[in-house]
Amino acid sequence: MPAWIGAVILPLSGLLLSLPAGADVKARSCGEVRQAYGAKGFSLADIPYQEIAGEHLRICPQEYTCCTTEMEDKLSQQSKLEFENLVEETSHFVRTTFVSRHKKFDEFFRELLENAEKSLNDMFVRTYGMLYMQNSEVFQDLFTELKRYYTGGNVNLEEMLNDFWARLLERMFQLINPQYHFSEDYLECVSKYTDQLKPFGDVPRKLKIQVTRAFIAARTFVQGLTVGREVANRVSKVSPTPGCIRALMKMLYCPYCRALPTVRPCSNYCLNVMKGCLANQADLDTEWNLFIDAMLLVAERLEGPFNIESVMDPIDVKISEAIMNMQENSMQVSAKVFQGCGQPKPAPGLRSARSAPENFNTRFRPYNPEERPTTAAGTSLDRLVTDIKEKLKLSKKVWSALPYTICKDDSVTAGTSNEEECWNGHSKARYLPEIMNDGLTNQINNPEVDVDITRPDTFIRQQIMALRVMTNKLKNAYNGNDVNFQDTSDESSGSGSGSGCMDDVCPTEFEFVTTEAPAADPDRREEDSSASQLGHSLLSWSLVCVVLALQRLCR
């Protein structure tokens, strides 16, 4: 025979003896509780029809009760599950923001690079046919490395771009002087005159600055979205402590045990329970807010001087300008190189030392910023940045706001308008204790949840550290500086070039202390980096133009 039946049929004298002092001797019906309990999907087999003595209860008040030991256990587990779902639902906005925007930005940047490569390739194939196709791997290598850099691969941006620039100068020098034969040692000597001669005018320096800072900002921003996404997903999956589970059970389901299944918790009572259960999450808020601020700063750079879209769209036009500069200065460049490196040997089979013709007149139409395409991911960078800035601002203070957001839910609490008709943990009455402040250390006197303030949650501390590292990287990117970049999946790293600012472009730098300083002088690294990227592009141009000139000479 179930224990609750024996309790119901006890003699009146025995029942009175079993009640606590001051308890109401009249047992109430458990009909409403049976209905509410069954609606949760639980079996009604062990629910009493009337209240029974409550000495067996471990969490709820040990008074007349509609709960058996089995019911209290099941409702404790139910309160844990509901709490976990509440936190996940409440943090849904911030999680979906980072998930969806990361996908959109990553798709945009990848497609932008693909479009830039395809556009340049189509233009050169259409203009030069096989002459370009025979040398197209130079461009393909450039874009491959830029894509690898963007995705966080182990690429040193400075070295990669410098390599392209050196190859370009060597190749072009041979092409504008086809009447000579150049050894490897001679070409190495030629490359040493790059800085002194500036054969491509000022275009390489400007393009280098733009490419460097744009790629640093784009890569770091997308990595920031990745970190935000991962932190939000991890923190939203809570693991309540035993003390928290007891407090949740007492708040959510002890009204069932007191035959008050329709009475909801008082709002302030709910706040103290949630602040105790989510104390560690609230401690994440300070670093999270600093992270969001840094993301917003880099977002401003993306729509301003570090706009990768405005760099990649007209890159073919800028390459054309650099090629023209090289052609116009070819005589002076060659003379200075010959003076410094010595007179080269004539190429076999050539009877005269004629230079390449000076009629490189191919130029592309000027770039008009108003014609910026929106084909990458069906949008533009400006529109993407405007959208993400709004969402990021809304996600500030999200973790410390969790208790307030949860306790505002009408399905959870009685609301602030029913302060006298709500469950206060013991009965239907006003909740009197004061509301605790946010964070772990402020829960030392929490009246509802036993919180060990001497043992911070290790998992949350790991998320705080991840945010701190990412915030430092974002601040570096804001100033145009690259850092040792660590991919979140394999911790691979690669460093690139430094300061991305020309004298009159960048505003005052962000004031902060970083442990990830660039590995080389920022200004020097920046100049070398975009020079080599431009160099790779100019290389193909020079190959095409000079071969055409040689064809004319041979006619």
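# The model is a predicted one.

Student: Let's begin with the overall make-up. How many helices and how many strands are in the protein?
Tutor: Happy to start there. The protein has about 25600 Å² of accessible surface, with 49% of that area belonging to carbon and sulfur atoms. As for its secondary structure, the count is 23 helices and 4 strands.

Student: How are H7 and H8 oriented to each other, roughly parallel or roughly antiparallel?
Tutor: Helix H7 covers residues 137–150 and helix H8 covers residues 157–176, and their axes lie 11 Å apart. The two helices pack at an angle of about 170°. An angle over 145 degrees counts as roughly antiparallel. H7 and H8 are therefore roughly antiparallel.

Student: And how many residues of the contact of H7 with H8 are charged?
Tutor: On the H7 side the contact is made by Val138, Asp141, Leu142, Glu145, Leu146 and Tyr149, and on the H8 side by Leu157, Met160, Leu161, Phe164 and Arg167. The contact has 8 nonpolar residues and no polar ones. The number of charged residues is 3.

Student: Moving on to H11 and H18, at roughly what angle do their axes cross?
Tutor: Helix H11 spans residues 203–235, and its axis comes within 9 Å of that of H18. H11 and H18 are roughly antiparallel to each other. Their axes cross at roughly 155°.

Student: Which residues of H18 meet H11?
Tutor: The contact of H11 with H18 divides into 4 nonpolar, 2 polar and 2 charged residues. H11 brings Val203, Leu207 and Gln210. Across from these, H18 brings Ile315, Lys318, Glu321, Ala322 and Asn325.

Student: What distance separates the C-alpha atoms of Asn325 and Phe200?
Tutor: Asn325 is part of helix H18, residues 315–328. Leaving out residues up to four places away in sequence, Asn325 touches Pro199, Phe200, Gly201 and Val203. Asn325 and Phe200 are 125 residues apart along the chain, and their C-alpha atoms are separated by 5.0 Å.

Student: Is Ala218 buried or exposed?
Tutor: Ala218 lies in helix H11. Not counting residues up to four places away in sequence, Ala218 touches Phe109, Tyr150, Leu302 and Ile308. The relative accessibility of Ala218 is 0%, so this residue counts as buried.

Student: Which residues do ring pairs link into a cluster?
Tutor: The structure holds 17 aromatic pairs. Ring pairs build a cluster from Phe105, Phe108, Phe109, Tyr150 and Phe221.

Student: How far apart are the ring centres of Phe98 and Phe291?
Tutor: Phe98 sits in helix H5 (residues 92–128) and Phe291 in helix H16 (residues 285–302), 193 residues apart. Both Phe98 and Phe291 are buried. Their ring planes are at 25°, so the pair is stacked, and the ring centres are apart by 6.2 Å.

Student: How many of the 11 residues of H14 are buried?
Tutor: Among the buried residues of H14 are Ser267, Tyr269, Asn272 and Lys275. Their cover includes H4, H12, helix H15 (279–283) and helix H21 (402–407). H14 is largely enclosed by the rest of the structure, because its buried residues number 10.

Student: Which helices do the buried residues of H12 pack against?
Tutor: In helix H12, residues 242–252, the buried residues are Gly243, Cys244, Ala247, Leu248, Met249, Met251 and Leu252. These pack against helix H4 (69–90), helix H13 (254–257) and helix H14 (267–277).

Student: Last one: what is the relative accessible area of Asn280?
Tutor: Asn280 is placed in helix H15. Not counting residues up to four places away in sequence, Asn280 touches Leu440, Pro456, Asp457, Ile460 and Arg461. Under 20% counts as buried. Asn280 is buried, at a relative accessible area of 15%.

Notes
Residues numbered from 1 in each chain as written. Predicted model: local features only at pLDDT ≥ 70, side-chain atom pairs only at ≥ 80, totals over all residues. Heavy atoms only, no water. Areas by Shrake-Rupley, 256 points an atom, 1.4 Å probe, with all protein chains shown as cover. Axes fitted to C-alpha atoms, helices over the stretch in contact; angles between N-to-C directions. Parallel < 35°, antiparallel > 145°, perpendicular 65-115°, else oblique. Contact = heavy atoms within 4.5 Å. Nonpolar A, V, L, I, M, F, W, Y, C, P; charged D, E, K, R; others polar. Buried < 20%, exposed > 50% of the residue type's maximum accessible area, 1.4 Å probe, protein only. Phe/Tyr/Trp six-rings, centres within 6.5 Å; stacked < 30°, edge-to-face > 60°.
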